[in-house]
Amino acid sequence: MSDTAAPRGKPPIFSKQNLVYQVYRFKNKPEIIIGVLCLAFLSFVVLVPLIQIIKDAFTFQSYDLAYQPDGEVGAFTLFHFDRVFNQPISRALFVKPLINSLKMGFAVTLIAIVVGSSLAWLMVRTNVHFKGVFGAMLVFPYMMPSWVMALAWLSLFKNDRIGGSEGLLTYLTGVQVPDWVAYGYVPIVFTLAMHYYAYTYLLISGALATVDSELEEAGATCGLGKWKRIRIITMPLLMPALGSAVVLTFIRILGTFGTPALLGLPVRFFTFSTQIYASINARNQGDAYVLALVLIVLAISFIWINSRIIGVRKSYVTMTGKGFRKREGDLGKWRWPATIIVILFLCMTVVMPLLLLLWESLTLIPGNYSLSNLTTYFWSGQGNVQLAYGEPGVIHNKGILGALGNSVKLGFMAALFNGALGLLVGYAVVRGRGAKLARWLEGIAFAPYIFPSIALGAIYIGMFSTSIGPIPALYGTFTILVLITVIKNLPFTSRTGIAAMLQIHQSLEETARVQGIGWFRRMFRIIVPLSMSGLVAGMLLTFITAMRELSLIILLISPGNMVLTGVIFGYQEQDMAQHSSAVTLMLVLIIITISVIVRLLSRGAGVGRLNAT
Amino acid sequence: MKQIKLSGIVKSYGKEVVVKNLDLTVEPGEFLTILGPSGCGKTTTLRMIAGLEEPDEGLIELGDRTVFSRNEGIILPPEMRGLGLIFQSYALWPHMTVAKNITLALKEQRLSKSDIEARLANALKLVQLEGYAKRYPSELSGGQQQRVAVARLIALRPSFLLMDEPLSNLDAKLRTEMRASLKRLHRDLEATTVYVTHDQIEALTLSDRVIIMNEGRIMQEGTPFEIYHHPANLFVAEFIGDPGINLFTGIVSDGALDCGDVTIPLPEALAKRGGKLVAAIRPEKLLVSNEAKSGWVEVKTEILQPTGADTILQVKAGETTMTLLQSGFITLAEGTSLWIDFDPEALSFFDPETQENLRDG
């Protein structure tokens, strides 16, 4: 074998040959190019805003002059931290919201976990009746905005405290509902728990379905009793799912805005989210930034503590592919009672709230629930100066219809961008497995998960209120809503993308490569069609999330980019219950229609699993 | 000139060096098999030729084109190398019909429509899948899927053909059939072929030349006959052959190899050498008799495995176990006495230190 041009060894690092080689090498690896681009983009929209608000929190701002006229704008300052943590105002600004948020977070999480896992156990492991219908209905709350229950609660229990009309209960009995039932901690916890149980339910039922009953039966043959089997075998296997349910619920509660605002603000019950909102409305952005940072730190430490307790074993592979059996325990004489309990529960969490909202939207004079007071004015009225400040009914209301258009547009665009981004991130992560780039990308795509919604909103105000280089100020634009929705949903869609890519064996792409087929063609002829089913389900899910989102965008909406959830919140603030109820119902109806499509499209894929983190 | 030439190829993943300074030439039109246990670097070598992996160092030439040269800064992506590659998993695109699977790459080459049609029809005819053009891969059997993968390459007409364990997903019966069709593919395309496998039967039956790799190094290269009958070292001797070769370690004394229970005759050159030696003989080369013969070693049968045409016998001489391969369907009670002897022509001897072959029988 004769050697041509000295095949052995490497050229020096700074030689022309090496440089040419490295450039070509880079060019040959589309996953690296895409990975670098995604990483750059995500750093810009996730890390830069975070750094920006940290910087802003430590910088003296022009709006601080109201408190410290001698301050120098732009200088380093601890003023905001001093205000939030150290001054007398700190009690109202920080301590009380902190206590309230934690109290709320723990209580809701606890109730949601208990209720959600009990339901999951009933549905997966027992012979309770009507499983099909229950299965579909139990995830309904997941499709509705989290504050629908709160609106319904107000329809039922509202008292005369904040003026305006009273709720159904007062109308029927004449009794004034005490404040603690109508507003504040108790109803907030209750209504949120009745929404967030759905997350636990989805996660645990998914996990339970993968625990082979034979494992438990093996325990029985070792002489373990029923409860011991659950404690020693089933529970540890469910721990990872339970852990993610706890984290997911807790972080969402910390960041949730709608319910604490609707039920808490009338009695000045502030949580972190409503306090951030109030601070921004009062033009004290500095306070809001500090609070948002605290919220993020809180979320991170919660994730950390949780992972320490659950341990590093992330998931047990219990799916063996064969010999897998799910056995339904017989409830015996408890079969019907259990079924009835589930029916009652569904009436309370799904049927009643929607019926109450429907009724509310059909009453002419608020607070009068008699049949003679029914009207379709708030749905189809042309506008009458004597009613509701002359606001026309839903189908003639330009504001509402415009917001509806915006919501749908937001949903579509977020879904589209999310799908594309999820696919690219998935491609770069899966094809680049093992490399640092892939790990960083996976990490940063997951980062928005740890930002409670309201905090992410606050970060985006800080970042995009002025122009950055070629990017104009985005505050108040529709673009910023799309951007933040895409980013917030990225942890889920990038997982969908990764899962979809993992299912496409790399030889399918390599064989195309070797046959001379270029990257774009490979992408559009092979990768995209093969990952479509998973992606579409994920995208429609983003669509739903975007349509019902309030906490994330409440700080960013303005008349120029109003969406339906914002409209509802606005009506509620003005005590226009019929309008807010009607619009909410319309929103829920649209979301449920779309969800039916999701279910049909994703059939076997399982919407729940896509969400499980 | 459709030669494939690799020189000085080094490849490592992290700290683990999987291919160590490999030199390899595949002559035009040759069918070369790289054979080795899993993790020996054979698939990595194939993927480096295809361009799916980058060597750390070295030079790869396909015909008169340099497709990779670390020193000259040349690295051509797989799509520009003009190869055909058959994967273990067939790698058919599940969402495309057979016809689309075959024609996708042709369309990329902007061939005329009639040309594409003609190539498609011809390819399907050669693999006997006429009438299957509209089917999806999931509607085909394993063997048919494999044939579609072959048809895809026939239509593409590459000058270089790479195959990565293409038969290991098939059941035993189909394998024999597909071996023939792969051989035909090689012949029809007249392509320079590199075939990677861990299955020695595939290697021995298909190849013009076999390369045995272990731990990133070439252990031996030669024709199937040479590899089987003249293993260059103990690794090759043990790796090739099923049932495996019989090895006897002993000390040279009185012009023979004393292995305790058996004594093996030595050629003169080795008899003078002294010290330790390893003798090797293939199971079918041991002489066997069921009657006592003078000078033969008596053995007792332990386990018999008739495979139909042949029978594998495990026998024991004292504490030494050895394997015999006899034709015919043999049934004997356990513990039956047999007598064996060593054919001096069939024996190989190895140095236990260097593992190298000292003399072939």
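In chain A, the axes of helix α2 (residues 30-57) and helix α19 (residues 436-446) come within 10 Å and cross at roughly 35°. Helices here are DSSP runs of H or I with at least four residues, and axes are lines fitted to C-alpha atoms over the stretch in contact, with angles from 0 to 180 degrees between N-to-C directions. The crossing of α2(A) and α19(A) is left-handed, that is, the near helix is turned anticlockwise from the far one by less than a right angle. On the α2(A) side, the residues in contact (heavy atoms within 4.5 Å) include L39(A) and L42(A), and on the α19(A) side they include W440(A) and L441(A).

This is a predicted model, where local features need pLDDT of at least 70 and side-chain atom pairs pLDDT 80 or more, while totals for chains, interfaces and linings use all residues. Residues are numbered from 1 along each chain, chains are lettered from A and ligands numbered from 1 as written, and side-chain values use heavy atoms, without hydrogens or water.

L42(A) returns in the largest nonpolar core, of 266 residues, where L42(A) and Y460(A) have the most contacts. Such a core joins buried Ala, Val, Leu, Ile, Met, Phe, Trp, Tyr and Cys residues through side-chain atoms within 4.5 Å. Helix α10 (residues 185-209) of chain A gives the most to this core, 15 residues.

What of the cysteines? A search of the whole structure finds zero disulfides, meaning cysteine sulfur pairs within 2.5 Å. C259(B) counts as buried because its relative accessibility is 13%, whereas C347(A) is partly exposed because its value is 31%; buried is under 20% relative accessible area, exposed over 50%, and partly exposed in between (1.4 Å probe, protein chains only).

Notes
Helix = DSSP H or I, 4+ residues; strand = E, 2+ residues; numbered from the N terminus.
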